[in-house]
Amino acid sequence: MLLTTAGAALAEDGMAISYPETRREALVESKFGEQVADPYRWLENDVRSDTEVADWVGRQNRVTQDYLAKLPERAWFAQRIRQLLDYERFGLPVKAGKAYFYTRNSGLQNQAQLFVRQGLDGDPRLLIDPNAWAKDGATALDAWEPAHGGSLLAYSVQDGGSDWRTIRVLDVATGKVLTDEIKWAKFTGIAWIGSIGFLYSRFPEPQAGQAFQQLNRNQEVRFHRIGTPQSADELVYATPDQPDLGHFAQVTHDQRWALITTSRGTDNRFALHVIPLGKRGAKAKSWAAQPLVKGLDHDWRLIEGMGDTLWFVTNKDAPRLKVVATNLKQPERGFVDVIREREETLERAQIVGNQLILNYLKDAASMAEMVSLDGSRVQTIALNAIGTASGFTGQPGDPETFYSFSSFNQPSAVYRYDSSNGKTVPFALPKLGFKPEDYAIEQRFYTSKDGTRVPLFLVRKRETAAAGMAVPTLLYGYGGFDISLTPAFSAARMAWLEAGGAFALANLRGGGEYGKEWHDAGRLHNKQNVFDDFIAAGEYLIAEGVTPKGGLTIQGGSNGGLLVGAVVNQRPDLFAAASPAVGVMDMLRFDRFTAGRYWVDDYGYPDKEADFRVLRAYSPYHNIKAGRDYPAVLVTTADTDDRVVPGHSFKYTAALQAAALGAKPRLIRIETRAGHGAGKPTDKAVAENADVLAFLAHWSGLKVPQP
């Protein structure tokens, strides 16, 4: 039996909305004794090959764009976001030989360009301009890595936002692109062995028509020798008897060792194998991998290798991580502590010159310090503000490194740091179109449902904070996969602040802000803690007079989109408007597409009864509560998202539109030739942010400045 659903409504703002018809199937499955309806499963089909899904997408987009175009706030947000983005932006330089490679965006270019200088003060030379690759700007330069000495550079190309990568190679001196071409690379690094070739990770070529939906299995590490076809690439490491394992390759700077890091899912639990590479720059005589760490039990992140000694960051016996070292010629000694666990969470470590540079998180804000290789402290690297420091890459024997620093009111600035004398000098400072001092950044702590103390960053105009004014507030969260949310600049958020709103960032359980224990407290059977933390943040902002009732909006992407969908179902009365982006909305089928199978580390297995019960209880698609007034909802996704396939958002939106949820709109915005977020051109990013912020402002009462 086939049914159709459609809805027409006059929204509370007086604008009429007629939702497109969506075919509804009488599809019900029995799972562990429970009848589970899935009436919109046909919307999981690929929009590129299923004409009915493509037609549905077109009709939904027309309704949404017609509504958004009428919002009086949209024009101001579009103009102001573009203005705030129009400044010169630099990426962190990478040094190879005497050459320095770095990205630069002049302001409103769709994609950043790659430049090279010979010497720190040399003249910049354009090496790669991805803006010439596609008329719509949706083909992006992704990763890039110079060979040792800097004569060659391998780079990966991302098209239309997909996770698939094509790797190419160019001659740095001439800028000529060589004939080398690597396809079907995904979740890969580029690890050069001298300048003769590199290690990379790939999957088998998908079945015809399944590139954007087929499960990713049987990942391999291969070696590509420059000047040869991909068909000649040598198999370095694979586990065909365990197809769900993934493998990632690195090479130490001294070219002595290759390291293969193996994982099963998204959890930071790795096995390690090492491969001796012989003489510097020479290919190994064989790819015989020697086990270094067996089992998938702990986090192991390679810092560097010097001779036979390798340094790692690990959480083995240290939930907030520590630095250890091992001598590969003395395996009986095992791993020796170099930097013991501290109260702060160790984010990363790097050997620069003859020092270790350590990057810590203290209550989700960055701090950095330099220590000697034996672990004795040298000095703190002054950051002087609440913000995020990243970078500090380098190599043994060279004291030079670069890092960036950003905050909510400070676009990323790049600095050069000399580890031999502790001196910091600017490399690239942004020219701002606003005054950072006009905005107050606070860190507060609130209490969640079970009494847990949770940190929250709050950003407002200083005059708003001083007056204690309650203003429409945008609350953002993620809460998963051991990912830490730290202060960072966003032109879109700055536009929201300039309009008079407040921005709040909640550091929910499930993230990595306080190490393994914080992550564990928000995943699997503890996932409800994440939703409770986010709801408590909203209640806190209202109770403290930061935002009025009816003025709280929420936003989150990917796992954060799941978060937004779940809390809207659980507390629709708390929020004025919500925008879940590229969210995981069907928790009973997420593991059936592309990279979804990796996520069982955080979510559990839908085919195991205990996990199913937890997932069924909060799955956004399955828990929409008809008969209650919902906030205004604008779902966003993209047709080429092969990380969280758009069927999640399609099905969720169809279910929202079919339910009796009050007079506020439930709309979906579907971007074309875009994916999960990476590589999105500036023009598309501006348009999407303007649409979302105009929608949230409209329904929270935020009044944009008048021309």
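The structure on screen is a predicted model, in which local features need pLDDT of at least 70 and side-chain atom pairs count only at pLDDT 80 or more, while totals for chains, interfaces and linings use all residues. Residues are numbered from 1 along each chain as its sequence is written, and side-chain values use heavy atoms, with hydrogens and water left out.

**First stop: helix 1 and helix 11**

Select residues 51-69 and 682-700, which are helix 1 and helix 11; helices (H or I, at least four residues) and strands (E, at least two) are DSSP runs, numbered from the N terminus. Their axes, which are lines fitted to C-alpha atoms over the stretch in contact, with angles running from 0 to 180 degrees between N-to-C directions, come within 10 Å and cross at roughly 60°. Helix 1 and helix 11 are therefore oblique to each other. Their crossing is left-handed, a term used if the near helix is turned anticlockwise from the far one by less than a right angle, with right-handed used if clockwise. The contact (heavy atoms within 4.5 Å) is made by Gln65, Tyr67 and Leu68 of helix 1 and by Asp691, Phe695, His698 and Trp699 of helix 11.

**Second stop: helix 2 and helix 4**

Move to residues 74-85, helix 2, which packs against helix 4 at an angle of about 125°, with the axes 9 Å apart. This pair is likewise described as oblique, and helix 2 passes helix 4 in a right-handed crossing. On the helix 2 side, select Trp76, Phe77, Arg80, Ile81, Leu84 and Leu85, which meet Ala491, Ala492, Met494, Ala495, Trp496 and Glu498 in helix 4.

Stay with helix 4, residues 491-498, where seven of the eight residues are buried; buried means under 20% relative accessible area, exposed over 50%, and partly exposed in between, with a 1.4 Å probe and protein chains only. Leu497 is one of these buried residues. At the N-terminal end, Ser490 caps the helix, with a side-chain oxygen 3.3 Å from the backbone nitrogen of Ala492. Helix 4 is followed by Gly500, whose phi is positive, near 105°.

Most residues other than glycine have a negative phi. Select Phe32, in the loop between strand 3 (28-31) and strand 4 (34-37), where phi is near 55° and the residue is partly exposed, with a relative accessible area of 34%. Then select Ser558, in the loop between strand 38 (552-557) and helix 7 (559-570), where phi is near 65° and the residue counts as buried at 16% relative accessibility.

Which loop holds Thr640? Thr640 lies between strand 40 (632-638) and helix 10, and Thr640 is buried, with a relative accessible area of 8%. Show the residues that Thr640 touches, among them Arg48, Ser162, Phe212 and Arg673.

Finally, select Leu661, in the loop between helix 10 (647-658) and strand 41 (666-671). Leu661 is buried, with a relative accessible area of 0%, and its contacts include Ile624, Lys625, Tyr630 and Leu656.

Conventions
Polar contact = N/O pair within 3.5 Å; in protein donor to acceptor, adjacent residues only side chain to side chain. Parallel < 35°, antiparallel > 145°, perpendicular 65-115°, else oblique. Lists of a residue's contacts leave out its neighbours within four places in sequence.
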